[in-house]
Amino acid sequence: MKSSRRVAIRLAVLAALAFLPFLGGAQAPPAHATAHLVILNANVHTVDRSKPEAQALAVVGERIAAIGTDQEIRAWIGPQTKVIDAHGASVLPGFNDSHVHFVDGSMALSQVQLGDATTREEFTRRVAAYAHTLMKGEWVLGGGWDHEKFPGATMPTREWIDAVTGDAPAWIDRYDGHMGLANSAALRLAGIDRNTPDPPGGAILRDAQGNPTGALKDAAAGLVERLIPSPTEEQLTHAIHAGLAEARRCGLTSVQDISHAEELRVYQKLLAAGELTARIYAITPIQQYEFQVRAGISAAFGNDWIRTGALKGFADGSLGSTTALFFEPYNDAPTTRGLFNAMMLPEGHMLQMAQPADAAGLQIAIHAIGDRANHEILAMYEEIARRSGPGPVRGRRWRIEHVQHLRPSDYEAFARLGVIASMQPYHAIDDGRWAEKRIGHERARSSYAWRSLLDHHARLAFGTDWPVAPLDPILGLYAAVTRATLDGKNPGGWIPEQKITLAEAIEAYTLGSAYAEFTDDQKGSLTPGKLADIVVLDADLFHLPPAEIKNAKVAATIVAGKLVYSASK
Ligand SMILES: [Zn+2]
């Protein structure tokens, strides 16, 4: 009797504690530490090995204060606390896109979009409709076309758009940005005619009579692109506003922007106005390295919101444009192995930029797609390491961007040299539709080799290359775990042995990307003390069949402890 009465009293006290959490209890924090934001009833996947899973978390100010059970975290709720019920869905660290052309993507939101055009008629119709909205003298810009989607994989020519663009110059990019279509007016402005030679690192496509068709690859595209007027600061600001809204909708709290540099001013203005809702790491063109060296900027210079100090260069082109550089010829174009980017020419030119930049503490990130391009950049990093002494210098974190096609003998170099593989999983399910036509099955087996790279202890960072691919990280997770190509022809996965687990894919998209920008001590996992950049989904990804992951949506996005997007509003 006596003992059962004691039990009853203890139960009553426990119940009271649950309602009045600040009165006591071992887990309860001091009364002043109430949370601004609490998320309950979640499947929290922390990406923190010391506490991988939890039910709930609490945020104080800009940072994560506690991770735990619903009961533990309820103790942080005070009168001012915003409480989010996740309804059992996944809560993850905010996504960090390690490779995004944020301004190009943002600008593209208001230009002609041809990503899903599958016929010449549709192509022409959309360009016509867009050209109609422009003022006299304005360029007709935009793109996203992919000739692989047209009947017979027909390459578009200037005849497709000349009649609907008239005297207005037009430059319509292929989706990978390594080729574009100029109309006759743009070719005239650029002075490109049948007598113009192909520039080094580029190609001018020509018809049977030798006249330019309007399609220009890599360095040849530059002949037209350099004529396009830069957007005004007002146009840039307007576009970046739209891009940030898209990022919030996608649960992106950090983006690593392959930047033109001039938009840094716009980011600073937005930050001052309290309107920047994604953290920016600006990766600027390597050709401008001397400026940063002289200014004393080194990797990860800046604050929690805007940082810079990484330099981007190009080793080659793209697979779709047959400009990615391979050791062996293309199966469907046996006269070519691809092209070095002009920055690689003459031999040693990239090293001449990268080495002094590295010595000054700047981060180097080089685009390499073909197996030979990757091999050459790994060899360049090895040479820099040899010249500047063994061991990591200033904790350098070299990167290769894309890393799409590798020789298996090069897997080990990534971990050995400390080179981050910054990759875009969506490209695999997109290119996977036709990659074997270009490079055959054997080379495809070590393409997008996420499993092999992880097995060789390489670090992965994931992103999209937006606007080359959709900005949505959930599609990237889906691509990494399924490798199911967009044409539905590989439901079990294209080269399925290179699939990785959902947890590995999420880590690459959060902590891996944070590592790639020197911020893994501040973000990338849901760890007390780290920045409260969080995404709440509308489903529990770990309990979905892999094929359904792509249907999950972002329910809420939180940056620096602030709710910046909610699907229900
Ligand atoms: Zn890119």
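User: Before we start, what are the ground rules?

Analyst: Residues are numbered from 1 along each chain as its sequence is written, and side-chain values use heavy atoms, with hydrogens and water left out. As this is a predicted model, local features need pLDDT of at least 70 and side-chain atom pairs count only at pLDDT 80 or more, while totals for chains, interfaces and linings use all residues.

User: What makes His 99, His 101 and Asp 465 donors of the zinc ion?

Analyst: A donor is an N, O or S atom within 2.8 Å of the metal (3.2 Å for Na, K and Ca); water is not among the atoms, so sites may look incomplete. Here NE2 of His 99, NE2 of His 101 and OD of Asp 465 lie 2.0 to 2.1 Å from the zinc ion, so they qualify under the 2.8 Å limit. Their spacing in sequence is H-x1-H-x363-D. His 101 sits in the loop between strand S8 and helix H3, and Asp 465 in the loop between strand S22 and helix H17, 364 residues apart.

User: Why is His 101 called buried?

Analyst: Buried means under 20% relative accessible area, exposed over 50%, and partly exposed in between (1.4 Å probe, protein chains only). His 101 has 14% relative accessibility, so it counts as buried. Asp 465, at 6%, is buried too.

User: What is Tyr 381 in contact with?

Analyst: Contact means heavy atoms within 4.5 Å. Leaving aside neighbours within four places in sequence, the partners of Tyr 381 include Ile 364, Trp 398 and Val 419.

User: How do you know that S7 pairs with S2 and S23?

Analyst: Pairing needs at least two bridges found by DSSP. S2 and S7 run parallel with two bridges, and S7 and S23 are antiparallel with three, so both pass. Val 91 partners Val 44 and also Val 536 in S23.

Conventions:
Helix = DSSP H or I, 4+ residues; strand = E, 2+ residues; numbered from the N terminus.
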